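Subject: Structure for you to look at

Hello,

Here is the structure I said I would pass on. My notes follow below it.

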Amino acid sequence: MSQAAKHFSRIYVERGANAYPFAQQILQRFPTAQRVDIEDYRDVFNRPGQDFQRQKQSKALILARKKQDFLYPANEYVQGRDVANFHYTTLQLNCLYNCAYCFLQGMYTSANLVAFVNLEDYFEAAERALSQRSNPSKPLELAISYESDLLASERILPYCREWIEFARQQPDLVIEMRTKSGNWAALQDLEPHPRAVLAWTLSPQEIIERYEQDTAPVNQRLKALSLASQAGWPVRLCFDPVLPNANWRSSYRELFTETFARIPPNNVVDVSLGVFRLNTEYFNRLKKNRPDTDLAYRFYHRENGVVTHPHNEREMLIDFARTELTRFIPADKLQIWT
Amino acid sequence: MNEPDIWIVTALSIEARPLIDGWGLRRMDDLGRFERWQGDAYGLIVSGVGPTASAAATAALLTHRASLQQSLPLVVNLGFAGSRNRDQAIGELVLVNRVRAVDAQREFIPEILFRHELPEGSLGTHSRPVIQPEPGVVETDLVDMEAAGFLEAARAFLPIHRAQVIKLVSDHLDGRPIDKAALQAHLKDQLETIELVIAAAASMENTACPRLDAALQVAFDALRERCRLTDAQSSQVHDWLIAAMLRGQPTTEAQTALEAVIAAPPAHKRERNALVEHLRDALKPGVE
């Protein structure tokens, strides 16, 4: 029997974080967890010598207070860079899942989950950003689960719910929550909100089994997005990264067909498409943190600080997916990231 | 002969004695000035008192270990600690989950990834004995003189989950003399509990990098030498072989591809580069 501790059987609480109502809500869900009071979340999260994959088997929760940089503007590495007034925010660092290609394992030295509990400060920052946005004729678009999968952990860290309620009071705010979960149940009691976009990343089941450890099977994701759409929530589809395994063409063709059989194309806000691409530094760290995946050892090109497929492979992957997807949706609904 | 993979670092001989007797450890050559004891499952080193002594002994031990090219050990700082909490009985064992280096104002958070039954607590490492402290001087549950030094040294050599701190409550910081014989008896009585916790900690091994199987490694080494691959090419081909292995491609396929190249080694650079490309196609490290 494994002697690994259960997930979240250990909760680190940064000095001052305890006072926030959101922290109290979370702590109440883990009455038997070992609580360790710490000065600063970085004393735990940034420790040298952590074993990322070991921690993934026994994740700790770290409750912390975000002190600055509540919202980030788009930059050249961020999806959304071409969208007016785009920002993203990091409410949580890391996620429950363990995808082999995830940039987070290159970005962080720890697999533990940091939850920032001072939501009030984030809301204030969002209100400031709304009033100061560069293009006031367009809404502020805010990706709230950029470095995490918030819906996956909604039962224990109810961020989505809090943000949806906040967004209802802000007529010029559009929020996006991206997920690989099938956890529709966590939100189904809420009234749909036209400016809260639920985005599902979809992959063929064989890709999920090989590279998206602990995530929901594709059928559960499709069921969740179909129910959300039927309930009136705007939904976005993400096929990113398209991974070229054996029989990838037929796998993705089947996935696209199945997806649009479950959700009418008109109900989709847009579709995001991309290939494997990672900042070189993150890739090198991923290789160290995730030595058990063939994705870390494939033949890639390094261009302008990015590790990705060689140009001809990228073209092949994107051309194929674009051609197949435009059988269901108009080309102008397709956002391509390479 | 392999050395044990579990090492205990104690400050004092009186802390070490119940472990030496209980585990039947034999005296080995000292490491520098540090007494070293060893059995089949456990080794032990006596550091002397203070964070610097503990760091020096731990560093000496782990430098020695590194030279043996064995698997990474688990090291445990085990010893006495004062408690400011009178609810913690003398003789109680505590697994330490936070260590404050009081003089340096630094925090060390041991990585406890395993299940265990011990109570946990925080500990402050002081460089001088703490006796009847003024209120507010001690902010942690326990007080000792070694753990921070031990952890600082261990972290220079090991992943953080391979270093743990277990303390036995020796006094309540009230200035009363400690009963050494009673404390040794407590350690002896709880040896089984200590072993269980250590076994759980030791079972948390490191994430290992995948390795080529022996036959493929031989073929790869031959390829590198016969074809005079550059370091970059060697690293690429090695990566592709690992990728093929992780994808479940039969090893024999990869081996056949390598052996075909070894049988007709390239005569010049251009031919060598072409062979590497040929290998890339054969091992399919890109789009399948």
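In chain B, strand E6 and strand E8 (residues 120-125) run parallel and are joined by six bridges. Helices (H or I, at least four residues) and strands (E, at least two) are DSSP runs, numbered from the N terminus, and two strands pair if DSSP finds at least two bridges between them. Leu95(B) has Glu120(B) in E8(B) as its bridge partner. E8(B) is also joined by three bridges to strand E9 (residues 142-144) of chain B, again in parallel; there, Leu142(B) is the bridge partner of Leu123(B).

This is a predicted model: local features need pLDDT of at least 70, side-chain atom pairs count only at pLDDT 80 or more, and totals for chains, interfaces and linings use all residues. Residues are numbered from 1 along each chain as its sequence is written, with chains lettered from A and ligands numbered from 1 in the order in which they are written.

On the interface: 33 residues of chain B are in contact (C-beta atoms, placed from the backbone, within 7 Å) with 34 residues of chain A. Strand E6 (93-101) and helix H7 (231-246) of chain B are the elements that give two or more residues to that side of chain B, and H7(B) gives the most, with five.

Lastly, Ala254(B) is in helix H8 (residues 251-263) of chain B. Leaving aside neighbours within four places in sequence, Ala254(B) is in contact with Leu216(B), Leu241(B), Ala244(B), Gln249(B) and Leu283(B). Ala244(B) is 10 residues from Ala254(B) in sequence and 7.7 Å away in space, C-alpha to C-alpha.

Regards

Key
Contact = placed C-beta atoms within 7 Å.
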